[in-house]
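Dear colleague,

My notes on it follow directly after.

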Amino acid sequence: MKSVEHSALWTICEKDKGDKYVELQNSVGQRWYIPLRNSSVHLSLFQPSSIQGKIVVYLFEIIKHFPIILHIIHAKIVRLQFTKDFQDIIENIFKTNHCTFGVFCGSPGYHQKPTLLISKGKYILGYCKLTDNEYVKKLFQDENENLTYLHSKGIINVPTPLFCDHLPFRQSILAFIQSTNRNREKKVKIATYTNQKLIDFVKQTNTKTKVAIPFNDSDFSKSINNLEQHIHLLKDMDMKDTLKSGISMINENRDSFKYFCASHGDLTPWNSFIVQNGFFAFDLEYFKKSYTPWYDYFHFFTQEMLYNNHANAEQIYLKYKDLRSHFFLNQNNVDLFYLSYLLIIFEFYLNRDNGILNDRINECMEIWASLIKHILENVSKNN
């Protein structure tokens with residue numbers, strides 16, 4: 001499989017010369033390069049979920065000076081030098097010089113994309129994402145347009161796009177550069193699904209981007225149609241039948257979808273943060289203009305339960321019931337909206353990966369299918 005890391009990242013920097021970095025790698029092959037200078041700023045790129053990873057972050061300022069300890073945790077000191085052409089572009093955009101770069105090489109796979117954190121001293125200026133993959137280029141270009149759209153609607157707690165174009169010195173590479181509100185001087189927290197600031201962000205986005213359009217004109221309807229076309233990629237007959245029942249329920253209740261609203265598309269604890277009493281989101285590559293209300297909240301909740309809490313279907317459903325009886329007490333069609341989300345998350349992976357799914361996604365699909373069965377029972381009772 002072609003490595004985007006090597007085809008994109010190594011066109012703007014060289015190994016074995018320049019500044020010292022710590023190369024970190026986790027058990028699933030993700031890799032980071034954290035500069036020794038102002039390393040605490042760039043550690044925000046490294047958000048481990050394991051106990052070992054969290055210990056590494058906590059003790060990083062000490063262990064980075066001891067090669068033997070670095071070797072034990074499968075890390076090492078390397079040198080990286082970014083090309084003058086690339087540095088000139090960054091300095092021109094941010095109107096400053098002597099910037100430092102931290103690197104997350106991206107999750108291994110066909111859609112792998114390096115992300116650079118750009119800093120000046122202890123101040124984070126922004127991020128730069130790179131790719132030579134045509135599919136990912138389209139994602140970057142769409143995200144650029146979507147961020148501009150959100151700002152026009154008064155949604156300011158998202159990045160400001162600064163540059164989205166092919167690098168003039170390497171036309172095969174597209175760079176997407178954006179600002180950030182995530183600074184070293186400001187205390188940063190990671191939100192959980194119960195955080196009121198997350199809820200307020202989703203409410204605000206729903207309200208400011210609300211559109212009353214025919215069901216068939218919505219992005220949600222298009223995704224449901226895509227799901228119908230991709231169900232055959234599943235091998236599990238019971239899962240297929242569950243999805244077909246879910247789609248039928250959506251079609252029977254079309255009149256309940258009075259409006260649609262913008263959706264981040266992949267809002268999770270690892271692409272959002274809280275700073276100075278505000279909730280901020282980034283990485284809007286999968287943004288949609290007309291999805292169902294509360295889509296982002298349900299995705300955040302479900303992903304947090306799956307990946308941070310390692311919950312099973314029954315545990316997630318119990319938490320959902322608690323949310324429905326308290327937070328969503330006065331909200332109509334909550335079960336229908338959660339069902340909508342669960343169907344679309346199936347569509348996302350089946351469509352994007354053309355049915356070629358790894359073990360973890362297959363496990364998640366079993367959980368999502370179980371949740372759909374629970375929600376279908378609720379919707380049937382309420383109708």
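In these notes, helices (H or I, at least four residues) and strands (E, at least two) are DSSP runs, numbered from the N terminus. Please bear in mind that this is a predicted model.

I begin with the second largest pocket, to which those labels apply. Helix H6 (134-152), helix H8 (219-230), strand S13 (288-291) and H12 each contribute at least two residues to its lining. The lining comprises 21 residues in total, and those nearest the centre of the pocket are Tyr-135, Tyr-286, Lys-288, Phe-348 and Asn-351. The volume of this pocket is about 450 Å³.

Next, the nonpolar cores. The largest contains 79 residues, and the members that touch the most others in it are Tyr-297, Phe-298, Tyr-338 and Met-365. Helix H12 (residues 334-353) gives the most to this core, namely 14 residues. If residues up to four places away in sequence are not counted, Met-365 touches Leu-234, Met-239, Phe-346, Tyr-349, Leu-350 and Leu-357. There is also a second, separate core of 26 residues, and Cys-13, Leu-80, Phe-94 and Leu-116 are among them.

I turn now to the sheet. Eight strands make up an open, antiparallel sheet, in the order S3-S1-S2-S4-S5-S6-S8-S7. Strand S3 (76-82) and strand S7 (161-167) each have a single partner strand because they stand at the edges, so one side of each is left without a neighbour in the sheet. From one strand to the next, the twist averages 30°.

Within this sheet, strand S4 (residues 100-104) and strand S5 (residues 115-120) run antiparallel and are joined by five bridges. Phe-101 has Ile-118 in S5 standing opposite. Helix H5 (residues 84-94) lies across S3, S4, S5, strand S6 (123-131), S7 and strand S8 (170-179), and runs at about 30° to S8.

Neighbours within four places in sequence aside, the residues in contact with Gln-178 are Phe-94, Leu-125, Gly-126, Tyr-127, Lys-129, Glu-143, Leu-147, Pro-159, Thr-160, Pro-161 and Leu-162.

With kind regards

Notes:
Residues are numbered from 1 along each chain as its sequence is written. This is a predicted model: local features need pLDDT of at least 70, side-chain atom pairs count only at pLDDT 80 or more; totals for chains, interfaces and linings use all residues. Side-chain values use heavy atoms; hydrogens and water are left out. A nonpolar core is a set of buried Ala, Val, Leu, Ile, Met, Phe, Trp, Tyr and Cys residues joined through side-chain atoms within 4.5 Å. Buried means under 20% relative accessible area, exposed over 50%, partly exposed in between (1.4 Å probe, protein chains only). Contact means heavy atoms within 4.5 Å. Two strands pair if DSSP finds at least two bridges between them. Axes are lines fitted to C-alpha atoms, for helices over the stretch in contact, and angles run from 0 to 180 degrees between N-to-C directions. On a 1 Å grid over the protein atoms alone, a cavity is a set of points where a 1.4 Å probe fits but cannot get out, and a pocket is an open set with protein on both sides within 12 Å along at least five of seven lines; lining residues have an atom within 4 Å of a point. Grid points are joined across faces, edges and corners, and a volume is the space filled by probe spheres set on the points.
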